Amino acid sequence: MRRFEQAVGCGVCVMASSILLCVGCQASSVTPPNSKIHSAKSLTERVRHEGIQRTYHIYLPEGFNRQKSLPLVLALHGGGGTGRQFDQALSQGQFKTIANQRGVILVFPDGMNRQWSDGRTQHLKRNKSYDDVGFISKVIDRMIDDYGVDAQRVYVTGISNGGFMSVRLALDLSDKIAAIAPVTAQLPLALQHKTSNQPISVMIINGTEDPIVPYQGGHVRLFKFGRSRGEILSTAETIEHFRLRNNCRAKPKKTLLPNKDPNDDTRVEMAQYTGCADQTEVTLVKVIGGGHTWPGGAQYLKPKLIGRVSKDINASAMIIDFFLKHSR
């Protein structure tokens, strides 16, 4: 069970010869940055929060110069994962490639005990709950102060537990975050009555055949009859929550995207609510036949365990391009 949880929780770790094999970027500690740093790529930094040293991994695009005030994307791993593993083994390195092309800074934070306190409690088992909202808020402040990040263009994505956490951050940190893009995640039932302080753009990418996070809502389970990891609203209810909050009145624009890979047994539909309050947007990317996976990324476990990966879209590019349309 534990081995499977480490794999499906983040989509980045697999077991080989009884050894947990986690593939990701190499990171190293460095001295504080300055405007003359141009060759830096990956580094690791720490911040003290609740009396604990918390870790986050930074990727700077080529030609980085803090005077340029670049946008920031925080990418949150799933349960059982780490920030360092997120990109290579989940999106097969595409996230950093797209960020480099678009001139975006990435941050991959680490959850305590490989988990995020996303509003559910059942998934934590005996682990205590930590103030992850405060931790992420502090990381954002540090990135603005130390790397000249554009405070109006801060975004959060994540998968599974990290996706749930991005939803919680939309509710608790809308004064700092312009948009979120959770993957395989919805609004936890425990947070259904919370609303953000201000409108925030949201794009949800969910597979209709996700065997772990049910598209229609209900209990999150690693196996069909396994213990509940918390109850969640349906994808439609989650979209409706943010549509109402953002005062999106027009009917959504619906698009069936091209079937680029007929062999993946998936199709992708988009429903876009635009013209919302403060020029926000609420978009659903419905991966018909898709599973607990990152579209365009790795089939990190067999389809019978996690469902299928859609190759019709590149989630990494879609998420970053969605983000760059919006600012606070």
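Predicted model: local features only at pLDDT ≥ 70, side-chain atom pairs only at ≥ 80, totals over all residues.

Me: Good to know. How many helices and strands does the protein have?

Reply: There are eight helices and 14 strands. The protein has 328 residues, and 60% of them are buried.

Me: What share of the contacts join residues at least 24 apart?

Reply: That share is 66%, counted among contacts between residues at least 6 apart in sequence.

Me: Let's move to strand S6. Is S6 mostly covered or uncovered?

Reply: Strand S6, residues 105-109, is mostly covered, and five of its five residues are buried. In a regular strand, side chains alternate between the two faces of the sheet. Here, Ile105, Val107 and Pro109 sit on one side of S6, with Leu106 and Phe108 on the other, and all are buried.

Me: Which strands pair with S6?

Reply: Strand S4 (residues 52-59) pairs with S6 in the antiparallel sense, over four bridges. Strand S5 (residues 72-76) runs parallel to S6 and is joined to it by three bridges.

Me: Switching to helices: at what angle do H4 and H5 cross?

Reply: The axes of H4 (residues 132-147) and H5 (residues 161-172) cross at roughly 75 degrees and come within 10 Å. The two helices are therefore roughly perpendicular to each other.

Me: Which residues make that contact?

Reply: H4 contributes Asp132, Val133 and Ile136, and H5 contributes Met165, Arg168, Leu169 and Asp172. By class, the contact has four nonpolar, three charged and no polar residues.

Me: Last one, glutamine 152. Where does it lie?

Reply: Glutamine 152 is in the loop between H4 and strand S7 (154-159). Its relative accessible area is 34%, so glutamine 152 is partly exposed.

Me: And what does glutamine 152 touch?

Reply: Leaving out residues up to four places away in sequence, glutamine 152 touches Ala178, Ser327 and Arg328. Glutamine 152 and arginine 328 are 176 residues apart along the chain, yet their C-alpha atoms are separated by 4.9 Å.

How values were computed: Residues numbered from 1 in each chain as written. Heavy atoms only, no water. Axes fitted to C-alpha atoms, helices over the stretch in contact; angles between N-to-C directions. Parallel < 35°, antiparallel > 145°, perpendicular 65-115°, else oblique. Contact = heavy atoms within 4.5 Å. Nonpolar A, V, L, I, M, F, W, Y, C, P; charged D, E, K, R; others polar. Buried < 20%, exposed > 50% of the residue type's maximum accessible area, 1.4 Å probe, protein only. Pairing = 2+ DSSP bridges.
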